[in-house]
Amino acid sequence: MISATATTDTVQALRELEAARERTLALTAFDEAELTRQHSPLMSPLVWDLAHIGQQEEHFLLQEVPWTGTASEPVFRPEIAALYDAFRHPRASRIELPLLDAAAAREHLRRVRGRVGELLTGNDALAADRGPRGGAFVASLVAQHELQHIETMLATHQLRSGAALLTGTELPTGRAVRGGIADAVLIAEGPALIGADAEHELSSLDNERPRHAVAMGAFRLGRVPVTNAEWLEFIADGGYAEARWWGDDGWAHRTLNQLQAPLFWSPDGAGGWTRRRFSSEEPVPQGEPVQHVDFHEAQAFSRWAGARLPTEQEWEKAAAGVPNQLAHRSWPWGQQPPAGHLANLGGAALRPAPAGAYPQGASAYGVEQLIGDVWEWTSSTLSPWPGFRPMIYDNYSAPFFGPDYRVLRGGSWATGPAAVRTSFRNWDLPIRRQIFSGLRLAWDA
């Protein structure tokens, strides 16, 4: 229960924690056999994610925040907590660990959350502290961590076989869009504010900070993400068979893995394509943004289309900037939090919305669907912003800086609203396709 005297930051953090937990329990409300299966070596068994969420909440909110007078027996004993160290245990091997069963994992989550609630609702000054070890900030980080695992669990559900366990909600209809450079938006030359700071974005993470100005030339950006209809044209034109679009690394990857379409697509035997979506087969919906493509596929498509992938700075300027101003919005449409008429977030839909479904969610430049629907590959590798400093722990971002990881922006339909913003930087290996990833085209002006 939220205290009547709790600060705004604390109330917001508690609501985010409660909303995330409700979704976690819904995605794991299945029998033991379902939760302990490993559906793919790319993913953990769901029961590992379930307990890991609680272990991380205890570690950061009960152990790292310097509360006073809170010493007690840990919920996750050290030998159990070690099983849920993501750096120590790769996903493929987690099935071999002596994990807590589902009932024990849920009980651990309940006990940790009970202690967290007592501390945050006590209106202690530390609960309202916005600093990197303050209760409100750390609670926000923990909520984001849980939301990220919810998206991971949705990817696991997509990879599983058997009868579908989840049902999606309805989405707005789209509109006819031309796609390509014919419907691109011109982003004029000029400086842009990139990144976040604690004052304006309490929940921003270390790799988003600090906010800084960047000089940028003019460019054009697709008004909407690339659609399945456009991808079908790429396939029909032999895009997967032409090495010239792929580059050496991309072509080697495509050849080794015999890629011929996005993940989960299959020929229907009549010249068309179907896709598997949460254990159900359906015709590929042409108006939706394409998803489950990796960086190499995205780059090959962009070359075939006579375009390129945007840099992450270009993406952020188009999403957060305002023409003729040095400004930075938290959301493309302004400072108003996400709502159902602005973006497809939260995971309930189980699919991207059709292109053109959210005109009210456009940025100040007129670019649409920048938040939600599909993560968008950029050409950028993950690197620190000038003045980067690790926050809660050194290993959140720093081990991934360098040429191996590509940045994705904007969130997907599976992303929780509290786990994305215009400054948020996601990253993954360029070969990953199980994530809800797509792309948007850019052109030099």
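Colleague: Which residues of α1 meet which residues of α3?

Modeller: Contact means heavy atoms within 4.5 Å. On the α1 side, L17, R21, T24 and L27 meet L46, L50, I53, E57 and L61 of α3. These residues comprise six nonpolar, one polar and two charged. Here Ala, Val, Leu, Ile, Met, Phe, Trp, Tyr, Cys and Pro count as nonpolar, Asp, Glu, Lys and Arg as charged, and the others, Gly among them, as polar.

Colleague: On what basis are such features reported?

Modeller: The model is predicted: local features need pLDDT of at least 70 and side-chain atom pairs count only at pLDDT 80 or more, while totals for chains, interfaces and linings use all residues. Residues are numbered from 1 along each chain as its sequence is written, and side-chain values use heavy atoms, with hydrogens and water left out. Helices (H or I, at least four residues) and strands (E, at least two) are DSSP runs numbered from the N terminus.

Colleague: At what angle do α1 and α3 pack, and how far apart are their axes?

Modeller: Two packed helices are described by the angle between their axes and the distance between the axes. Axes are lines fitted to C-alpha atoms, for helices over the stretch in contact, and angles run from 0 to 180 degrees between N-to-C directions. For α1 (residues 8-27) and α3 (residues 46-64), the angle is about 160° and the axes are 10 Å apart. This makes α1 roughly antiparallel to α3, a label for angles over 145 degrees. Their crossing is left-handed, that is, the near helix is turned anticlockwise from the far one by less than a right angle.

Colleague: How is the packing of α1 and α5 described?

Modeller: Helix α5 spans residues 102-120, and its axis lies 11 Å from that of α1 at an angle of about 170°. The two helices are therefore roughly antiparallel, and α1 passes α5 in a left-handed crossing. T10, L14, L17, E18 and R21 of α1 meet L109, R113, V116 and L120 of α5. That contact has five nonpolar, one polar and three charged residues.

Colleague: Where does the chain adopt a cis peptide bond?

Modeller: The bond from R209 to P210 is cis, with omega near -5°. P210 sits in the loop between β2 (190-194) and β3 (212-216).

Colleague: What does R351 contact beyond its neighbours within four places in sequence?

Modeller: R351, in the loop between α10 (312-320) and β8 (375-381), contacts L171, R275, R277, E282, P285, E288, N344 and W413. Its C-alpha atom is 8.9 Å from that of S412, 61 residues apart along the chain.

Colleague: How many helices and strands does the protein have?

Modeller: There are 10 helices and 12 strands. The radius of gyration (over C-alpha atoms) is 22 Å, close to the 22 Å that the globule rule (2.2 Å times the number of residues to the power 0.38) gives for 445 residues, so the protein is as compact as a globular protein of that length. Buried residues make up 56% of the 445 residues.

Methods
Angles under 35 degrees count as roughly parallel, over 145 as roughly antiparallel, 65 to 115 as roughly perpendicular and the rest as oblique. Buried means under 20% relative accessible area, exposed over 50%, partly exposed in between (1.4 Å probe, protein chains only).
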